[in-house]
Amino acid sequence: MKGGADVEVLRVDDLDVHVRVSERRRQVRLTVERDSTVSVTVPPGIGQLELVKLIRSRRRWLYGKLAERALLSNCRPPREYVSGEGFPYLGRSHRLLVVETGSADVRLLRGRLEIRQDVLHDPPMALIAWYTRRGESWLPGRLSPWAKRLDVACEELRVRPLGYRWGSCSLRGRLNIHWATMQLPPDLIDYVLVHELAHLHVPDHSDRFWRLVQRAMPDFGARRDRLRRLGPDLWLPET
């Protein structure tokens with residue numbers, strides 16, 4: 001398939017798959033986006049027949065993820081940006097308090113999540129910025145001991161929107177963590193970090209990858225199951 005930034009749509013049975021060729025990819029990455037779009041990023045030179053075969057081999061996983069997306073969109077509770085509404089941070093729900101003045105657009109003060117009235121024209125932007133700042137200050141200290149345990153070097157950690165992915169990583173040791181991860185309990189954030197750090201050793205989800213995760217975190221399966229159950233309760237603004 002041709003290289004470059006253009007995205008082609010490949011029909012595979014009843015699925016429209018958005019295909020992007022990246023010079024930086026060494027392996028195929030298949031993703032179900034937040035809006036249920038199926039996308040795949042591939043290295044240059046992969047043939048269409050080979051790609052179709054690979055996508056068909058992952059059909060069960062794809063349909064499962066699409067079902068999860070439908071369930072999340074139906075079950076995710078709506079949030080109102082009014083005093084008394086709850087927003088999670090590090091596993092605890094904090095009530096929103098709309099204030100007229102404050103030292104920051106959003107801040108956590110005495111257990112209440114204060115949001116200034118003058119940013120209510122776009123409260124999701126203000127809250128996302130707050131979660132992002134908290135992640136940038138809190139995550140590095142949490143990451144360091146897990147990186148040592150897995151014997152990997154993290155060159156850069158960024159907190160940013162990642163659709164429905166909790167995290168991603170590059171072969172150069174750059175980790176991206178979704179800002180929404182900061183809503184999770186700390187032990188589940190640890191699982192997200194271990195998962196991404198393990199990818200610096202093994203880029204796929206092979207048995208070797210899961211053995212590595214298990215060595216670092218023997219109870220990863222229980223944490224992964226809790227993460228799946230908690231997902232629908234977290235706040236993600238509508239797009």
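The sulfur of Cys 154 lies 9.3 Å from the closest cysteine sulfur, which belongs to Cys 169, and that is too far for a bond. A disulfide here means a pair of cysteine sulfur atoms within 2.5 Å, and by this rule the count comes to zero. Cys 154 is partly exposed, with a relative accessible area of 25%, and Cys 169 is partly exposed too, at 24%. Buried stands for under 20% relative accessible area, exposed for over 50%, and partly exposed for what lies in between (1.4 Å probe, protein chains only).

A word on what you are looking at: this is a predicted model, in which local features need pLDDT of at least 70 and side-chain atom pairs count only at pLDDT 80 or more, while totals for chains, interfaces and linings use all residues. Residues are numbered from 1 along each chain as its sequence is written, and side-chain values use heavy atoms, leaving out hydrogens and water.

Now let us turn to helix H3 (123-150). Helices (H or I, at least four residues) and strands (E, at least two) are DSSP runs, numbered from the N terminus. The expected span of a helix is 1.5 Å times one less than its number of residues. After H3 comes Asp 151, with a positive phi near 55°.

H3 also leads us inside. A nonpolar core is a set of buried Ala, Val, Leu, Ile, Met, Phe, Trp, Tyr and Cys residues joined through side-chain atoms within 4.5 Å. The largest one has 44 residues, and Tyr 131 and Leu 197 touch the most other members. H3 supplies the largest share of this core, nine residues. Beyond its neighbours within four places in sequence, Tyr 131 is in contact (heavy atoms within 4.5 Å) with several residues, among them Phe 87, Trp 179 and Trp 235. A second, separate core of 17 residues includes Leu 15 and Leu 62.

Finally, meet helix H4 (residues 186-198), whose 13 residues reach 18 Å from first C-alpha to last. Eleven of the 13 are buried, including Tyr 191, His 195 and Leu 197. Their cover includes H3, strand E10 (167-169) and helix H5 (207-216).
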